[in-house]
Amino acid sequence: TIIPVIVLAGLIIYGLFTWNDIMSVNEDEDPLVIELYAQQFSWTARYAGEDNTLGKANVRFIEGINALGVDKEDSYAQDDKIVRELHLPVNRPVLFKLRSQDVLHSAYFPHFRAQMNVVPGMITQFGFTPTVTTEEMRNSDDMVDKVERINDIRKDNGDDSYEFDYFLLCNKICGQAHYNMQMKVIVESEADYEAWLAKQSTFGESMSEE
Ligand SMILES: [Cu+2]
């Protein structure tokens, strides 16, 4: 009895440290906070804005164009930016907060080797730091090779040519159109990211337009 107790305790404690290491980002590194919102059958991203703090949200606040149920009264919510494409600055840690509107989904970033369940009624999270931009990935020898081969086949079939992009997919069979639940991810330089973000309107702005 004593020997398995020691062996298992060792494995579990070591595993817990490793798990925390993989799943969380160091708060001192000032991670970029982004919410990923899942619903049948699409992803929406909410950037935390200037204050890097997400406004409160609840399914009860869903009304009209406020499809994510963000709390209009919350001052942290005013500068949040809601978008349908995920742009990430290269080499900056990102902390994802995941919410689901309806059923279990799973946020799956195959190229980043990352996956986390998205559970209705709770917020799950994980973080990582993207280190290779979309452009660098497209120009890598492996990828040029692979895309060439894919496009040869596509050409024979009369299909449009393919270009590499990172994707966020759903990896839970969440319903009929599950296979098509995806969002494009673009990893780019800090400057390109800032320029793109500046063009997106804030939650406060889009609510006052309504
Ligand atoms: Cu799904």
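The model is a predicted one. It comprises 210 residues, of which 40% are buried, and its secondary structure consists of five helices and 10 strands. The C-alpha trace spans about 65 × 55 × 40 Å along the principal axes.

**Aromatic pairs and cluster**

- Across the whole structure, 12 aromatic pairs are found.
- One of these pairs joins Phe-109 and Phe-126 in an edge-to-face arrangement, with 6.1 Å from centre to centre and 75° between the planes.
- Because Phe-109 belongs to strand β6 (residues 105–109) and Phe-126 to strand β8 (residues 124–128), this pair ties together parts that lie 17 residues apart in sequence.
- Phe-109 has a relative accessibility of 0% and therefore counts as buried; Phe-126, at 2%, also counts as buried.
- Phe-109 pairs with Phe-128 as well: the ring centres are 5.3 Å apart and the planes meet at 80°, so this contact is edge-to-face.
- Ring pairs connect Phe-109, Phe-126 and Phe-128 with Phe-96, Phe-112, Phe-164 and Tyr-166 in a cluster.

**Negative surface patch**

- A patch of negative charge on the surface gathers Asp-141, Asp-142, Asp-145, Glu-148, Asp-152 and Asp-156.
- Asp-156, a member of this patch, is placed in helix α3, which covers residues 141–156.
- The relative accessibility of Asp-156 is 70%, so this residue counts as exposed.

**Backbone exceptions**

- Most peptide bonds are trans, and most residues other than glycine have a negative phi.
- The peptide bond from Gln-40 to Phe-41 is cis, its omega being near 0°.
- Phe-41 is located in the loop between β1 (32–39) and β2 (42–47).
- Asn-52 has a positive phi, near 55°, although it is not a glycine.
- The loop between β2 and β3 (81–83) holds Asn-52, a residue that is partly exposed with a relative accessible area of 21%.
- Asn-91 likewise has a positive phi in a residue other than glycine, with a value near 65°.
- The position of Asn-91 is in the loop between β4 (86–89) and β5 (94–100), and its relative accessible area of 54% makes Asn-91 exposed.

Note on methods: Residues numbered from 1 in each chain as written. Predicted model: local features only at pLDDT ≥ 70, side-chain atom pairs only at ≥ 80, totals over all residues. Heavy atoms only, no water. Patch = residues over 30% accessible without salt bridge, like charges linked within 9 Å, V, L, I, M, F, W, Y side chains within 5 Å. Areas by Shrake-Rupley, 256 points an atom, 1.4 Å probe, with all protein chains shown as cover. Salt bridge = Lys/Arg side-chain N within 4 Å of Asp/Glu carboxyl O. Lys, Arg positive; Asp, Glu negative; His and termini not counted. Charge placed at Lys NZ, Arg CZ, Asp CG, Glu CD. Helix = DSSP H or I, 4+ residues; strand = E, 2+ residues; numbered from the N terminus. Buried < 20%, exposed > 50% of the residue type's maximum accessible area, 1.4 Å probe, protein only. Phe/Tyr/Trp six-rings, centres within 6.5 Å; stacked < 30°, edge-to-face > 60°.
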